[in-house]
Amino acid sequence: EEPHIGIKTDETVPYQRVLYVHCGGEETKDGNSPSNEMQAMAVEYMLDLVHWAYPADRTPRILVLTPYRGQHTILDRRLAKYGNKRLVVSTIDAAQGQEADLVIISLVRANATGKVGFTDDARRLNVAITRAKAGVVIVGHLATTLAAGTSGISALLHDLRRQSAVFRYDPESASPLQPLSGSEFERHDREFPVETAEARNR
């Protein structure tokens, strides 16, 4: 019997309930709220895959979440083309009580200092991940996400690595979504040692 993740049996990516997609683009700030255009592009690409795979009347309910209002604004703009009532874009704080078949989370933070922000907020991450009935895609910058020392997401990423469930998004590639190699994962894991990142985020 095939493993069940509740979305579809002929998915482009391997069978996993949770996937992590690494994006190389850095965050920017509009006022006080960070945003990340490349992560928004990756979310849009994931939605393109879903809409390509399903008939319009059978598209799963999708909830796109982000902790930051700046990213919410960008995602709203990029995803407006779908015009689909089965797609909701929300901040994590506004998502209490909402559920969807597929949840896509843009963590946003990606910087040269390992500042992780809400990525290290266990409560917010728990709210985001538990909104999903079937599958979760986490979009982020791998080194920055791994630097989160208290929320548990770093341990989750190491589990996903063992399950071959970590990918990288490259918009310049003919096949933008590719598995991330073990050596690439290790390189990102060394970039911001957790102890150093925790000190920077105090």
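## Strand pairing around strand 8

In this predicted model, strand 8 pairs with strand 9 (residues 177-179) in the antiparallel sense, over three bridges. Y169 has L177 as its bridge partner in strand 9.

Strand 8 (residues 166-169) is also joined to strand 1 (residues 18-23) by four bridges, and these two strands run parallel. Here H22 is bridged to R168 of strand 8.

## Aromatic pair Y45 and Y169

A pair of aromatic rings is described by the distance of the centres and the angle of the planes. Two aromatic pairs are found in a search of the whole structure. One of them is formed by Y45 and Y169, with 5.8 Å centre to centre and 45° between the planes, and is tilted. This pair links distant parts of the chain: Y45 lies in helix 1 (residues 37-53) and Y169 in strand 8, 124 residues apart.

Y45 has 21% relative accessibility and so counts as partly exposed. Y169, at 9%, counts as buried, because buried means under 20% relative accessible area.

## Aromatic pair Y68 and F118

Y68 and F118 form a stacked pair, with 5.0 Å centre to centre and 20° between the planes. This pair also links distant parts of the chain, its members being 50 residues apart. Y68 is in the loop between strand 4 (62-66) and helix 2 (69-79), while F118 is in the loop between strand 6 (100-106) and helix 3 (122-129).

Y68 counts as buried at 8% relative accessibility, whereas F118 is partly exposed with a relative accessible area of 28%. The ring of F118 also has the charged end of R124 sitting over it, 3.9 Å from the ring centre.

Note on methods
Residues are numbered from 1 along each chain as its sequence is written. This is a predicted model: local features need pLDDT of at least 70, side-chain atom pairs count only at pLDDT 80 or more; totals for chains, interfaces and linings use all residues. Side-chain values use heavy atoms; hydrogens and water are left out. Two strands pair if DSSP finds at least two bridges between them. Rings of Phe, Tyr and Trp (its six-membered ring) pair if their centres lie within 6.5 Å; planes under 30 degrees apart count as stacked, over 60 as edge-to-face and the rest as tilted. Buried means under 20% relative accessible area, exposed over 50%, partly exposed in between (1.4 Å probe, protein chains only). A charge sits over a ring if NZ of Lys or CZ of Arg is within 6 Å of the ring centre and within 35 degrees of the ring normal.
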